[in-house]
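Subject: Structure for your review

Dear colleague,

Please find below the structure that I am handing over to you. My findings follow it, arranged by topic.

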Amino acid sequence: MKKLLSAFLTVLTFLTPFQTKAEETNMSGKKMLVAYFSASGVTAGVANRLSEAVGADLFEIKPAQVYTDADLDWTDKQSRSTVEMNDRNSRPAIASKVENIAQYDVVFVGFPIWWYREPSIIDTFMEAYDFSGKTVVPFATSGVSPIGESGKNMQALAPKAKVLEGKRFPAGVSAEDLKKWAAEQL
Ligand SMILES: Cc1cc2nc3c(=O)[nH]c(=O)nc-3n(C[C@H](O)[C@H](O)[C@H](O)COP(=O)(O)O)c2cc1C
């Protein structure tokens, strides 16, 4: 009996770390994707941390035409970003597609705030897929602005999705804080 108990305990010792890992990376058993657009790397950092923290796949929303520094000049009325953001129908092309989006229950969508809302390329992303039955959780980085109406705008473009309000994070937000926030959303 003692031998049996000790064998059982040995097996348990080896199994426990793996079980814990599985629990950590499997929020309510949901399959998750973190998709993000980042023009200068800040949102990319947060997206990487979030995907690691919650055990989600990662996809970069890469523009077909990369944004140059001149494109990003918000003080220039003629710059590409200003022109795009002044036109609600602007849909900058994305270089590649998420493979098999049908497999995901939850899609976190990350972006920098441009002119108080989601960049036009996020509008392209929201219209590019069938989000039926999926929860979309926006997240953003910015100088100071909150996420504002971004979630509402995204919901209007993907009516079959359940798009949450989302949240703006500082560049240095910790993996722990991201994980806690993600768990509260689902
Ligand atoms: C075209 C443009 C518009 C921006 N508009 C805002 C804004 O309305 N409010 C704000 O706080 N920050 C604004 N920013 C700053 C970015 O949101 C911020 O630097 C962000 O963290 C950059 O993320 P990224 O490195 O992932 O592109 C803007 C930046 C650009 C390039």
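Why is strand 4 said to be largely enclosed by the rest of the structure? The reason is that 6 of its 7 residues are buried. Please bear in mind throughout that this is a predicted model.

Overall architecture

The chain has 6 helices and 6 strands. Along the sequence these elements follow the pattern α-β-α-β-α-β-α-β-α-β-β-α. Of the 186 residues in the chain, 32% are buried. Among contacts with a separation of 6 or more, 75% are between residues 24 or more positions apart.

Strand pairing

Strand 1 (32–36) pairs with two other strands. With strand 3 (106–112) the pairing is parallel and runs over 5 bridges; with strand 2 (57–60) it is likewise parallel, over 4 bridges.

Strand 3 and strand 4 are parallel and share 7 bridges. Strand 4 in turn is joined by 2 bridges to strand 5 (residues 162–163), again in the parallel sense, and there Thr135 has Lys162 as its bridge partner. A further 2 bridges join strand 4 to strand 6 (residues 167–168), which also runs parallel to it; in this case Phe139 is partnered by Lys167.

Two crossovers deserve mention. Strand 1, helix 2 and strand 2 form a right-handed β-α-β unit. Strand 3, helix 4 and strand 4 form another right-handed β-α-β unit.

How many of the residues of strand 1 are buried? The count is 5 of 5, and the strand is therefore described as mostly covered, where buried means that 20 or more other C-beta atoms lie within 10 Å. Met32, Val34 and Tyr36 point one way, while Leu33 and Ala35 point the other way. In a regular strand, side chains alternate between the two faces of the sheet. In strand 1 the residues on both sides are buried.

Helix 2

Helix 2 covers residues 42–54. Its 13 residues reach 19 Å from the first C-alpha to the last, close to the 18 Å expected at 1.5 Å a residue. The buried residues of this helix are Thr43, Val46, Ala47, Arg49, Leu50, Ser51, Ala53 and Val54. An α-helix has 3.6 residues a turn, so residues three or four places apart point the same way. The elements covering the buried residues of helix 2 include strand 1, strand 2, strand 3, strand 4 and helix 6 (175–185). Just after the helix, Gly55 adopts a positive phi of about 75°.

The ligand surroundings

Which residues are closest to the ligand? They are Ser38, Ser40, Val42, Thr43 and Pro112, within a shell of 20 residues. Helix 2 supplies the largest share of that shell, with 3 residues. By class, the shell holds 11 nonpolar and 9 polar residues, and no charged ones.

Two residues in the loop between strand 3 and helix 4 (120–127) may interest you: Trp115 and Tyr116. Trp115 has a positive phi of about 50° although it is not a glycine. Tyr116, also not a glycine, has a positive phi of about 70°. Trp115 counts as partly exposed because it has 15 C-beta neighbours inside 10 Å. Tyr116 is partly exposed as well, with 13 other C-beta atoms within 10 Å.

Asn153 belongs to helix 5 (residues 150–157). Is Asn153 buried, exposed or in between, and why? Asn153 counts as partly exposed because it has 17 C-beta neighbours inside 10 Å, whereas a buried residue would need 20 or more and an exposed one 12 or fewer. Leaving aside neighbours within four places in sequence, Asn153 is in contact with Arg117 and Glu118. Asn153 and Arg117 are 36 residues apart along the chain, and their C-alpha atoms are separated by 8.5 Å.

With kind regards

Definitions and conventions: Residues are numbered from 1 along each chain as its sequence is written. This is a predicted model: local features need pLDDT of at least 70, side-chain atom pairs count only at pLDDT 80 or more; totals for chains, interfaces and linings use all residues. A residue is near a molecule or strand if its C-beta atom, placed from the backbone, lies within 6 Å of it. Ala, Val, Leu, Ile, Met, Phe, Trp, Tyr, Cys and Pro count as nonpolar, Asp, Glu, Lys and Arg as charged, and the others, Gly among them, as polar. The expected span of a helix is 1.5 Å times one less than its number of residues. Two residues are in contact if their C-beta atoms, placed from the backbone, lie within 7 Å. Two strands pair if DSSP finds at least two bridges between them. A crossover is right-handed if, with the strands pointing away from the viewer, the path from the first strand over the helix to the second runs clockwise.
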